[in-house]
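Please consult the sequence and the structure shown below.

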Amino acid sequence: MEYGFKTLAAGVVFVVLLLQQAPVLLATDEDPLQDFCVADLDSEVTVNGHACKPASAAGDEFLFSSKIATGGDVNANPNGSNVTELDVAEWPGVNTLGVSMNRVDFAPGGTNPPHIHPRATEVGIVLRGELLVGIIGTLDTGNRYYSKVVRAGETFVIPRGLMHFQFNVGKTEATMVVSFNSQNPGIVFVPLTLFGSNPPIPTPVLVKALRVDGGVVELLKSKFTGGY
């Protein structure tokens with residue numbers, strides 16, 4: 001009986017130690033296990049990212065893209081800017097690589113309104129024109145506002161999760177290209193999020209948060225009923 005108890009106890013200890021090592025035993029690896037994992041955007045497999053296409057179906061065009069070679073219509077929306085995205089949905093070859101890009105073109109006086117990328121740090125270069133780049137720190141910094149007019153050939157960096165914007169202060173159109181350390185950086189446009197959410201944020205919540213009356217909130221909501 002005593003021998004059986006010792007055997008059982010030893011077995012329990014072994015299982016506990018095994019469970020403690022479970023993260024090591026999982027079939028995962030933090031490093032790439034293949035050269036490429038071209039996203040299968042039509043796959044119904046749910047993973048953190050996209051399932052891989054078979055190598056035989058990937059071809060080699062996934063390594064290249066010309067999408068941001070030209071910009072979009074800067075007058076297509078009230079912001080006076082146009083974003084050409086090059087994330088994994090537009091460039092399946094970046095799947096699992098942790099990178100993506102955007103091109104943003106601005107009309108004179110155009111803006112890329114205050115927004116946040118929740119999943120990526122951003123680094124950018126101005127290709128032409130002059131852009132006021134503004135970055136707002138967290139409450140830890142006293143909501144400090146950092147800004148500079150960035151000109152052609154100059155660069156900027158925006159830490160992950162910080163609110164920021166770009167505004168064309170020049171008299172001609174401007175263009176910038178930005179890169180992210182995520183294949184899908186995500187974006188939260190602050191005005192659209194507050195006043196164009198679906199379903200809408202209750203007006204009394206915004207009245208209290210913004211310290212204005214309900215008429216102001218309703219007016220702002222009316223400006224974003226059509227989205228971006």
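This is a predicted model: local features need pLDDT of at least 70, side-chain atom pairs count only at pLDDT 80 or more; totals for chains, interfaces and linings use all residues.

Glutamate 122 belongs to strand S4, which comprises residues 122–128.

- The side chains of glutamate 122 and histidine 117 form a polar contact at 3.1 Å.
- Asparagine 112 is part of strand S3.
- Because its relative accessibility is 4%, asparagine 112 also counts as buried.

*Annotated positions*

- In an unreviewed UniProt entry, the annotation "binding site" covers Asn102, Asn112, His117 and Glu122.
- These positions span 21 residues in sequence, but no two of their C-alpha atoms are more than 14.0 Å apart, so they gather at one spot.
- Asn102, Asn112, His117 and Glu122 from this set are found in the lining of the largest cavity.

*The cavity and its lining*

- The model contains one cavity of 30 Å³ or more, and the volume of the largest cavity is about 60 Å³.
- Its lining consists of 13 residues, with Asn102, Val104, Asn112, His115 and His117 nearest the centre.
- By class, the lining comprises seven nonpolar, five polar and one charged residues.
- At least two lining residues come from each of strands S2 (100–106), S3 (111–116) and S9 (174–180).
- Strand S9 gives the most to this lining, with three residues.

Note on methods
Residues are numbered from 1 along each chain as its sequence is written. Side-chain values use heavy atoms; hydrogens and water are left out. On a 1 Å grid over the protein atoms alone, a cavity is a set of points where a 1.4 Å probe fits but cannot get out, and a pocket is an open set with protein on both sides within 12 Å along at least five of seven lines; lining residues have an atom within 4 Å of a point. Grid points are joined across faces, edges and corners, and a volume is the space filled by probe spheres set on the points. Helices (H or I, at least four residues) and strands (E, at least two) are DSSP runs, numbered from the N terminus. Ala, Val, Leu, Ile, Met, Phe, Trp, Tyr, Cys and Pro count as nonpolar, Asp, Glu, Lys and Arg as charged, and the others, Gly among them, as polar. UniProt positions are given in the numbering used here, feature names are shortened, and annotations may be inferred rather than shown by experiment. Buried means under 20% relative accessible area, exposed over 50%, partly exposed in between (1.4 Å probe, protein chains only). A polar contact is a pair of N or O atoms within 3.5 Å; within protein, one must be able to donate a hydrogen and the other to accept it, and residues adjacent in sequence count only if both atoms are side-chain atoms.
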